[in-house]
Amino acid sequence: PSIEAMKIALKVAHVEPCRACRYPESRGDLTILLSHIVLGCKFVCSAVNKAGLAKLIGLAGETNVQGEEQKKLDVLSNEVFIKALTSSGRTCMLVSEEDEEAIFVEPSKRGRYIVVFDPLDGSSNIDCGVSIGTIFGIYLVEKNGEPTLDDVLQSGNSMVAAGYCMYGSSCMFVLSTGCGVNGFTLDPSLGEFILTHPDLKIPTKGKIYSVNEGNAKNWDAPTAKYVESCKFPKDGSSPKSLRYVGSMVADIHRTLLYGGIFLYPADQKNPNGKLRVLYEVFPMSFLMEQAGGQSFTGKQRALDLVPNMIHDRSPIFLGSYDDVEEIKALYAGEE
Ligand code: AHM
Ligand code: MG
């Protein structure tokens with residue numbers, strides 16, 4: 001590793017004692033949980049990088065030349081995270097996009113945290129090598145006794161941490177524990193994430209919009225009007241550029257770094273949009289706000305939503321503060 005990388009790594013190590021002084025009651029449980037999430041991400045990153053070689057791509061249940069059963073990457077990633085999270089001894093309940101029911105951790109391995117996650121988001125992109133990622137959110141259960149679904153069916157304001165890992169041209173881990181956002185890049189030679197993007201802040205206004213325009217026929221008026229204004233601005237400004245990977249982690253990562261807006265709105269066919277509240281909308285909204293941006297559902301601030309079911313969906317508009325203000329004004333005009 002370069003001297004610069006070493007300096008940055010040492011800076012990270014230096015941060016820890018300060019936090020411990022500020023929170024003397026802290027027992028390190030969240031740190032242990034996060035290190036298990038990081039381990040899961042490294043494992044999935046390695047599997048994604050080897051996907052073609054190891055013939056991991058393909059139908060679940062297929063066998064390779066050695067006669068071993070092959071798993072689809074999203075199935076494998078789900079198993080990796082469930083093992084990593086339960087073995088941390090710090091979780092009591094898990095909600096995964098891949099599992100219809102919430103998983104209640106057996107009492108002997110139970111801790112105080114709930115983790116909601118999408119183990120491998122953007123799976124339709126796996127076969128063509130486009131960036132995909134893991135998204136997660138963490139809740140702390142403060143009451144004693146058995147955890148219940150009500151402990152997770154809460155507004156996004158109850159999240160204590162959220163983040164994602166992007167498996168792209170480099171592997172990036174982006175995390176917020178509620179005091180800003182930090183981005184770490186995996187140094188493959190060290191096998192460690194190095195703090196490369198400290199205190200990430202999203203530009204106040206951006207030049208990019210990101211949406212699946214193939215759904216335009218079914219959009220409601222405010223969304224249609226907003227996208228029209230991105231292409232044909234009436235205030236004399238330049239039109240925005242369109243960028244849409246179709247992989248939420250990649251689209252949000254670019255939006256965080258360069259600014260702009262990401263939209264997955266409602267449409268006539270899908271009145272609640274496509275993205276899931278607990279493990280897509282909430283974690284990304286948490287990060288966006290912590291980076292100085294905004295997140296809006298078309299009706300309210302996204303983190304104020306309270307889901308009724310663990311796999312609920314919601315329309316979502318998130319990104320640069322000023323860009324989201326514009327779409328909020330259009331929806332307010334509709335009321
Ligand atoms: P998935 O969880 O089934 O992978 O779907 C979620 C993905 C997001 O990553 C992305 O933002 C969105 O679906 C893209 O949807 P569409 O193909 O309709 O544009
Ligand atoms: Mg998903």
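Around ligand 1 there are 13 residues, and those that come nearest are Asp121, Gly122, Ser123, Asn212 and Met248. Two elements, strand S3 (110-121) and helix H5 (248-258), are the ones that give two or more residues to this shell. The model is a predicted one, and the points that follow should be read with that in mind.

**The shell around ligand 1**

- Sorted by class, the residues of the shell around ligand 1 comprise six polar, five charged and two nonpolar residues.

**Helix H5**

- Helix H5, which is among the elements that contribute to the shell around ligand 1, is mostly covered, since nine of its eleven residues are buried.
- The buried residues in H5 are Met248, Val249, Ala250, Asp251, Ile252, His253, Arg254, Thr255 and Leu256, and of these Met248 is also one of the residues that come nearest to ligand 1.
- After H5 comes Gly259, a residue whose phi is positive, with a value near 85 degrees.

**Helix H6**

- In helix H6 (residues 277-290), 14 of the 14 residues are buried, so this helix is largely enclosed by the rest of the structure.
- H6 is followed by Gly292, and the phi of Gly292 is positive as well, near 95 degrees.

**The pairing of helices H2 and H3**

- The axes of helix H2 (residues 29-49) and helix H3 (residues 73-87) come within 9 Å of each other and cross at roughly 160 degrees.
- Because angles over 145 degrees count as roughly antiparallel, H2 and H3 are therefore roughly antiparallel to each other.
- The crossing in which H2 passes H3 is right-handed.
- On the H2 side, the contact is made by His36, Ile37, Leu39, Gly40, Phe43, Val44, Ala47 and Val48, which meet Leu73, Leu76, Ser77, Val80, Phe81, Ala84, Leu85 and Ser87 in H3.
- The residues of this contact between H2 and H3 divide into twelve nonpolar and four polar, with no charged residue among them.

**The chain as a whole**

- The secondary structure of the chain consists of seven helices and 13 strands.
- The chain has 335 residues, of which 43% count as buried.

Note on methods: Residues numbered from 1 in each chain as written. Chains lettered and ligands numbered in written order. Predicted model: local features only at pLDDT ≥ 70, side-chain atom pairs only at ≥ 80, totals over all residues. Axes fitted to C-alpha atoms, helices over the stretch in contact; angles between N-to-C directions. Helix = DSSP H or I, 4+ residues; strand = E, 2+ residues; numbered from the N terminus. Parallel < 35°, antiparallel > 145°, perpendicular 65-115°, else oblique. Left-handed = near helix turned anticlockwise from the far one by under 90°. Contact = placed C-beta atoms within 7 Å. Nonpolar A, V, L, I, M, F, W, Y, C, P; charged D, E, K, R; others polar. Near = placed C-beta within 6 Å. Buried ≥ 20, exposed ≤ 12 C-beta atoms within 10 Å, placed from the backbone.
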